[in-house]
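I opened my notebook to look up a few things in this model. Here is what I wrote down, entry by entry.

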Amino acid sequence: MLSLLAPLVHADSAPQDCPAAAPRVPVADSEAVGAALSTRGFVVLTNLTEEGAAADWGAVALGLPERVFPGRLLSSGSNTLHAVHEENAKVSDQYASQCRESPEGCEAWSSNFTTAGAPLLPHTDGYVYGDHMPDVIFLVAEAPAERGGENFVVDGEAVLVRLEADAATAPLVGAAQTARVDLTERVSSGGIATGREAFGPIFRRRSDGGVWWRRQLQTRAYESGIEQPADGAPSSVRAELQPYQSLWRPAGAVHEAEQTEAMLEAVDAAIQREAGAAERFSLRRGEALLINNYRVLHGREGYTSRGRDGRKVWRVWCWTDRSLGLPEGMAEVGSPFDADALLD
């Protein structure tokens, strides 16, 4: 039986400038879902409900983990179900609160950072858990945006291939898989929350051969990384290479810091180039994006919506038997804005 989270086997080693269309598979077709996850690291799930039937989309989202991974869940996701359209309102509140509590913390945040309508640069979800981040993410579209909001993913395997294919960065691939890096999300460093500490190389290989990596972003990356068209169209991720965007920092020996910094810059640049080349695809009403959160980063273009019936998306973080699971005593949350519960 095909594992739903099997490692990728490359057909070739060249960076993909013309990516294949996003795989769309009926949720009941477990073999096709597994094949898509194995080859691409993500899949768009269709036919979540009977055609024409009214749906409680929060309940639909909550039921997906068991439908796709029956008997394999360490967490049902019942405590991580989150309405992304409601979370957006928390961003401005979080920023205002941070400024009240700490002017230094306020300076670390970008005043341009928001998740409401603005693009999202490629990132990992659940990084506030440190090494115990969820291995699977579901994003369910209750209502698409009026304009924009296209999704895209960046495959860690493709980033490694891109680094290896470039003579200038190939010598740094070893460091990307061995150098000790601070992977912790901290508000004081420009993150949106402070999570559990984590250290290690950027790229690791699991026992099944699959890649395991993560990326957190400086909120200041949104100051230069976003393009606002003059015609009033939704904003978008800039195609041109931007200054270093990630929160990774060297954490090894001092004499290795220079090489580690060069490696981090190279990986960050490769991610940006992969993001620029990635296919954009839209979720239709009633579809879900299923992501292998260990392997692919995900991002989104900006969007516009009107009124109370605008874009609505439900998110579920969950842990399968392939993850490290939740440490004993750790709270189960569904948003980085609830990260304080992880540090108690």
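For burial I call a residue buried under 20% relative accessible area, exposed over 50%, and partly exposed in between (1.4 Å probe, protein chains only). This is a predicted model, so I note that local features need pLDDT of at least 70, side-chain atom pairs count only at pLDDT 80 or more, and totals for chains, interfaces and linings use all residues. Residues are numbered from 1 along each chain as its sequence is written, and side-chain values use heavy atoms, with hydrogens and water left out.

Entry one, salt bridges. I took a salt bridge as a side-chain nitrogen of Lys or Arg within 4 Å of a carboxyl oxygen of Asp or Glu, and by this rule I count 16.

I looked up Glu-223 and found its side chain in a salt bridge with that of Arg-220 (3.1 Å, N to O). Glu-223 is partly exposed at 40% relative accessible area, and Arg-220 is partly exposed at 33%. Salt bridges that share partners also join Asp-182, Arg-186, Glu-197 and Arg-249 into one network.

Next I checked Arg-315, which meets Asp-125 in a salt bridge (4.0 Å, N to O). Both Arg-315 and Asp-125 are buried.

Arg-295 forms a salt bridge with Asp-155, with the closest N and O atoms 2.7 Å apart. Both of these, Arg-295 and Asp-155, are buried too.

Entry two, a helix. Which residues of H2 are buried? I listed Trp-57, Gly-58, Val-60, Ala-61, Leu-64, Pro-65 and Val-68. Helices here are DSSP runs (H or I, at least four residues), numbered from the N terminus.
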